[in-house]
Amino acid sequence: MPSEVNVLAIADLNLKFRDRTIFDNLNLSVRDGESIAILGPSGSGKSSLLSIVLGLMAPTSGSIRIDGETMNGRSADDKAKIRADKIGMVFQFAELLPEMNPVDNVALPALLSKNTAMRDPYQRAGELLSELNVPLDVDTDSLSGGERQRTAVARALINEPRLVLADEPTGSLDQKSRDLVAELLYGLPRRYGCGMLIATHDLQVAQRADRIFQVENHRLESAGESA
Amino acid sequence: MSRRPDFRTVCFRIGFRAGRSMESGGVRFHTLALSMFVLTLNFVLIAGIVAVSIERDDRALAGVAEYAGTDAKESEIVLVESRFDNLENSRQFEVHYFTPLGVDAPLPPGLDRWPEPGQVYLSPALFERGADESIAERFGDFEGFISNDGLIDQGELLAYVRPQTDLRVDDKRVDKVIDWGSDGATGEISGIHWLAKQHDFSVAGLIAFIVVALVLPSLALTLVSARIAARRRDRREHLVSILGGMRKHLRWIALGESFPSIGIGFCLALVVMVFVLAVGLDIPVVGFEVSAEDLRSHILLIVGAASLSLAIAAAIVLGLARRTKIRRDSSRLLSDQRLRRMSVIAGLFPVSLAVGVFLPRFFAYTPSYMILQWVGTIGVLLTLPATLGLLTARAGRLLANRGRRRQDAVLLVAGSHLQAQPRETARYITGLAMGLVLFFLVLAYQGILAGDTEEAMQYREYYGTNTILVRTPDAASIEELRAFAAGISEPVEVLAIRTEDRPGSTSSVIASCETLQRLDIPCEKQADSKLDLGKIDALIGAWSSGPKSIVVEDPSEAVLEGATFLLVNPERSQIEIPEVKLAANEFNVIVAVEAPGRGWLIGSMPHYEQAEWVMLFGMCGLAIIGAVSAVASAGRFFAASSRLAPLTAIAGMSSQYYRISAWLVAIPIGLTAVMGTIIGMWIVRPLTIYATKSPGWSTAGVAVGVVLISGIVMWYWASRIAIRDTERWRPGSHE
Ligand SMILES: Nc1ncnc2c1ncn2[C@@H]1O[C@H](COP(=O)(O)OP(=O)(O)OP(=O)(O)O)[C@@H](O)[C@H]1O
Ligand SMILES: [Mg+2]
């Protein structure tokens, strides 16, 4: 059961590009252990929403809180710190570094964020990969598409994030791998104790989320909850 | 119905727009423009050298003498006697003495009227360079300049003199000339410019050197520039070919994309070219003045060369536009078999170095000396790629492991990159290392030739000039000799050298008793062969073919039939040669003044000056090679950084790029520059160990510096670009 703690709270979000409105008073909260899918046609603003959550794009107005910490009015460095500590992200193309093995790839964000509180990143990376069924001692180049995406998922989890974002995580996969990765992703919030926000235009993928929203009239309309 | 637009226009436009999107901060735009600029200037340089050498040869031909036959009319004859002279630090030049016999005598090139007796015309370069030696007064009264059309180039040292005392028709040293100029002499060019042409470096050799040192590196620069930051372009080409695009379409897109940068580089080069065509060029370091007129008279050749460079650059860009698979930087680790083979080859590297550097000394003065040196050098060049590849891989593994242990993302990323793709990294640093080794080899060979000069200069330092030789080949008067001696401000003793006109006889020094006493030499009436001539001067003592005894007599008498005098400073301090040459004007005959042993120095001067050309072009070539490795390594860095962008954007660690690109760009180039220089200086040791002029530490320092500059500039630039690209990254921008 999702708890009552909000790992992401978006209130009264407005986003305009010149005279074009993308978001108009958008509200959204994601609870700990909960997965939310955002559906929407191309150009509706799904990626923009993720950018705003990441603090990479400034909204026209509105407040963003991540795990209780507000992103508003913070310096770029502060935002980066919150981002590094609290958010993990899965990209459409796995974006793995082919010259490094999967374990190195997964450990990299931990090394980059210099999270000293964390126990050995390599040990954790190895555990995550085993849990996600990725073979350890192989070249990243020879991983299959699904394995690559699972490696990317492990990488998103290495810093023990409170919130995992995914932008079209299954966009580049075939039907079978897509199902596997979707299953994996939706299992994360409960398994690892975080919130999850997936942007996709694949209805099948969205349907497995706890809650589904549709971008309509520049805000999020509920499109159903899973049983 | 509207007409379907031509596919060329469409594709060109697609490419043009793509080019403006400036992937990776437009790094390709700038490097391609730079390479075009450099390439065009290289071609223009070669055309310019051809143009100048054609014009020089033409003017040299205009100075070829046509000698009088037996039927020549006397009024058409000019008598010419030519002497060598030199400035204190110049090569030799010729002084031509003229006595026209009649009104129809032909004026030498560069004069529009005959000088009066005693008048002198000098080339502007001689006038300028000889100013502190009062060259204007050395041969008589300076009247004016030899005009430029009479000189092969503006740097030529040349003097025309009409002597006070007319040259004599019956003198063996005097030539009878009835005309100047030849249409197409074959072989050696004689006459006015004979000596200057003798000193010329071979034009074909110079061009060959430029092709190797400048043109090839520039072509490499064009190639790596066209390939840099190619991720988006590769995808586009892939896409276009999937959509049914053919090679011609890709070509037109490539043309549209590269046209602006190539065009700008070309235009900048044209601006420089037009400027040089307008005002000429004073080439630094070597001090050669290129005349704008010479270039302008071969404008077609020069414009043609520039166009050729444009065509070649276009061909390179078009040749790369191929139907490609997306070039995933395939980075499978090197296979063990390959690594083993590389290790074996790399193992031969120290062996080659040892053969080239240490073995020759055991074979001194045998042919094996040079053979071993060559075998070693070739071995070093052949084993260098594998060695550097292996070193890169090892260094990468070390770095990556260190990164894992110390949890340092930068070391891990950079190390993994180097370890996974050692050959890509090794390729450009190998080019750099080889460039440096070859640079030192060329310098060493030129240094062997020029080495004489340095040695001769040391010799001059050691012995000094407290003894001067003055030859009066013709009879002169004792009054002239006295006036001459009085014209020298330092105290000088005049001694003469007498050589018996018998084969096998040695010569002796003639001096008066007073002179000998002033030189602290006991005055004895008989010739004393045991006498230490070194007491007169250390140099005379060391002069193997010089006088062996002293005869006490009045040396002034010798002047009556032409003699060689020794001027010795009893205070053992220097005599200023230019001043002695000036004082020699007191003689009505032509006098030669020289320091014993100085011919050595003067003779090696042309090689010394040629070494400066080698140095200049070699350094330029190194700078280009440095740019090639900087651009190529930045390309490797971008391949890594573009994949890192999403991660670093989220971690907010974009400043780490300074460190990553330091490891991938600046440090490999820096280490290679130092290593290449050390290997280069080492491998040439057997060549330079017996020559005093060897490429020294200052040369090495400049070479390393020249290469490092591009590495450092590229390090900073590439880091900035990667940081900006990362800061621009947003979810959904899947580049
Ligand atoms: N910096 C910007 N300036 C102007 N318009 C922008 C900017 N960034 C995004 N947009 C516009 O905002 C809209 C939303 O873009 P976004 O990438 O968020 O859509 P999306 O829902 O992710 O679409 P897709 O499903 O195709 O990925 C688009 O129409 C886009 O053109
Ligand atoms: Mg999107």
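Colleague: Is strand β10 of chain B mostly covered or open?
Modeller: Mostly covered. Five of the six residues in β10(B), 467–472, are buried. Buried is under 20% relative accessible area, exposed over 50%, partly exposed in between, with a 1.4 Å probe and protein chains only. Strands are DSSP runs of E, at least two residues; helices are runs of H or I, at least four; both are numbered from the N terminus.
Colleague: Before we go on, what are the ground rules?
Modeller: This is a predicted model: local features need pLDDT of at least 70, side-chain atom pairs need 80 or more, and totals for chains, interfaces and linings use all residues. Residues count from 1 along each chain as its sequence is written, chains are lettered from A and ligands numbered from 1 in written order, and side-chain values use heavy atoms, without hydrogens and water.
Colleague: Which strands pair with β10(B)?
Modeller: β14(B), residues 563–568, pairs with β10(B) antiparallel over six bridges. β15(B), residues 592–594, also runs antiparallel to β10(B), with three bridges. Pairing takes at least two DSSP bridges.
Colleague: What is the partner of B:T467 in β14(B)?
Modeller: B:V568. In β15(B), B:V593 stands opposite B:V470.
Colleague: Switching to charges. How many salt bridges over all chains?
Modeller: The count is 31. The rule is a side-chain nitrogen of Lys or Arg within 4 Å of a carboxyl oxygen of Asp or Glu.
Colleague: What does B:R59 do there?
Modeller: B:R59 forms a salt bridge with B:D294, 2.8 Å from N to O. B:R59 is in helix α2(B), 27–62, and B:D294 in helix α9(B), 292–296, so the pair ties together parts 235 residues apart in sequence. Both B:R59 and B:D294 are buried.
Colleague: And B:R518, what does that side chain meet?
Modeller: B:E493, in a salt bridge of 2.5 Å, N to O. B:R518 sits in helix α16(B), 513–518, and B:E493 in strand β11(B), 493–499, 25 residues apart. B:R518 is partly exposed at 48% relative accessible area, whereas B:E493 is buried at 7%.
Colleague: Chain A: which residue does A:E34 bridge to?
Modeller: A:R31, with the closest N and O atoms 3.4 Å apart. A:E34 is buried at 1%; A:R31 is partly exposed at 26%.
Colleague: Last one. Is B:R482 buried or exposed?
Modeller: Exposed, at 55% relative accessible area. B:R482 is in helix α15(B), residues 478–486.
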